[in-house]
Every structure is written in C-alpha cells, then in structure tokens.
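Okay, everyone, let me bring my model up on the screen. I'll talk about rings and then about a couple of loops.

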Amino acid sequence: METVNQVKAKKYNKWIIILSIIIPIVVAVLSRVKLQDLGFDVQPLTFLPPIYATINGFTAVLLIFAFIAIKRKNIVLHENLMTTSVWTSVIFLVMYVAYHMTSDSTPFGGEGAIKFIYYFILITHIVLSIVIIPFVLITYVRGITNDRDRHRKIARITFPMWLYVAITGVIVYIMISPYYI
C-alpha cells in the first residue's frame with residue numbers, strides 16, 4: 001500500500017521523465033546550433049566559461065554544506081541549500097548552452113598522459129551529467145513531498161554523483177582554459 005507521500009511524489013513522475021529526456025536532448029541540439037549561422041548578429045560569449053565553471057564550483061560547495069546541514073539535522077537549511085543547488089545547475093545549463101550557441105568548441109591542446117586524463121574526466125562528466133538529471137529530480141521530489149525514507153535512500157546515490165559532476169565541471173574548465181582563444 002502506498003503512503004500519502006508516495007502518492008504525492010507520483011504526481012511528479014511524468015515531469016521527471018519528460019525533463020530527464022528533454023533536457024539532455026535540448027542541451028545537445030542547442031549546443032550544436034550557432035546563432036551566427038542562423039543570421040543573428042551576436043558576438044561570441046567568450047566570457048561565460050569562467051562564470052559557469054564558478055557556478056559549478058559553487059554548486060559543489062552548496063552540496064557539501066547541504067550534506068553537513070542534514071547530518072546536523074538542520075532540515076530547513078538543507079532544503080534551502082538543495083533548492084539553491086538545483087537553481088545553480090539550471091543557471092549553469094543556460095550559460096553553457098548560450099556559450100556554445102555563440103562560440104566554437106575549444107579543442108584540448110594537451111598531449112600525452114594529460115590528454116587521456118582530460119578525456120576520461122570529460123567523458124565521465126558528460127555521461128554522469130545526463131544520468132544525474134532523473135536522480136536529482138526524484139531525490140528533490142521525495143524531499144519536498146516529505147517521503148523521507150525513500151529520499152534518504154536515493155540521496156545516497158545522488159549526492160556523490162552530483163558532487164562529482166559539479167567538481168569535474170570545474171576541473172574540465174581548468175584543464176581546457178589555457179586553450180581558449
């Protein structure tokens with residue numbers, strides 16, 4: 001028999017599925033579209049990568065503080081930090097897409113072992129940034145619907161994965177930043 005919280009959370013399932021599919025597709029498609037090719041007279045937004053890398057770093061810090069808050073049983077602070085983390089991730093995505101819609105991708109110029117390390121970090125970052133979407137949404141919904149037991153279970157998976165994505169986003173930026181034109 002389902003609890004009241006599980007019934008509340010089910011109302012969000014359709015949106016979780018839709019967003020988990022649409023977000024990666026929209027990001028992938030829009031990142032390949034160049035506004036200049038469509039006739040728009042826009043300058044490349046080359047100032048955005050350090051800003052969105054900083055936002056990724058800020059998200060990582062928020063996640064760590066949210067983890068500490070919940071360990072200290074400060075639920076309100078935890079909720080506020082997690083909501084802010086979701087919004088910083090949304091802001092990151094908007095800036096990431098805006099940059100790629102106005103600027104060419106920067107190739108990594110490193111050679112040797114560092115090149116393999118960079119691509120390993122980049123590929124795991126990209127794959128997990130897609131995989132994390134439904135985890136974040138499910139975890140968030142279980143939190144806001146007070147489905148605490150199920151929230152805790154999935155948060156144990158979501159937290160380290162999301163933290164990895166946020167931290168590796170910063171690492172990828174640091175590793176590629178010398179090659180920006």
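Let's start with F67: this residue counts as partly exposed because its relative accessibility is 37%. For that label, buried means under 20% relative accessible area, exposed means over 50%, and partly exposed lies in between (1.4 Å probe, protein chains only). Before I go on, this is a predicted model: local features need pLDDT of at least 70, side-chain atom pairs count only at pLDDT 80 or more, and totals for chains, interfaces and linings use all residues. Residues are numbered from 1 along each chain as its sequence is written, and side-chain values use heavy atoms, with hydrogens and water left out.

Now, the rings. The structure holds 9 aromatic pairs; Phe, Tyr and Trp rings (for Trp, the six-membered one) pair if their centres lie within 6.5 Å, and planes under 30 degrees apart are stacked, over 60 edge-to-face, the rest tilted. One of them is F67 with F159, stacked at 4.9 Å centre to centre with 10° between the planes. F67 sits in helix α2 (residues 48–71) and F159 in helix α5 (residues 148–176), so the pair links distant parts of the chain, 92 residues apart. Helices here are DSSP runs (H or I, at least four residues), numbered from the N terminus. F159 is partly exposed too, at 22%. Elsewhere, ring pairs join Y52, F92, Y96 and Y99 into a cluster.

Last, the loops. Most residues other than glycine have a negative phi. But K73, in the loop between α2 and α3 (75–102), has a positive phi near 65°. K73 is exposed, at 69% relative accessibility.

Key. Helices (H or I, at least four residues) and strands (E, at least two) are DSSP runs, numbered from the N terminus.
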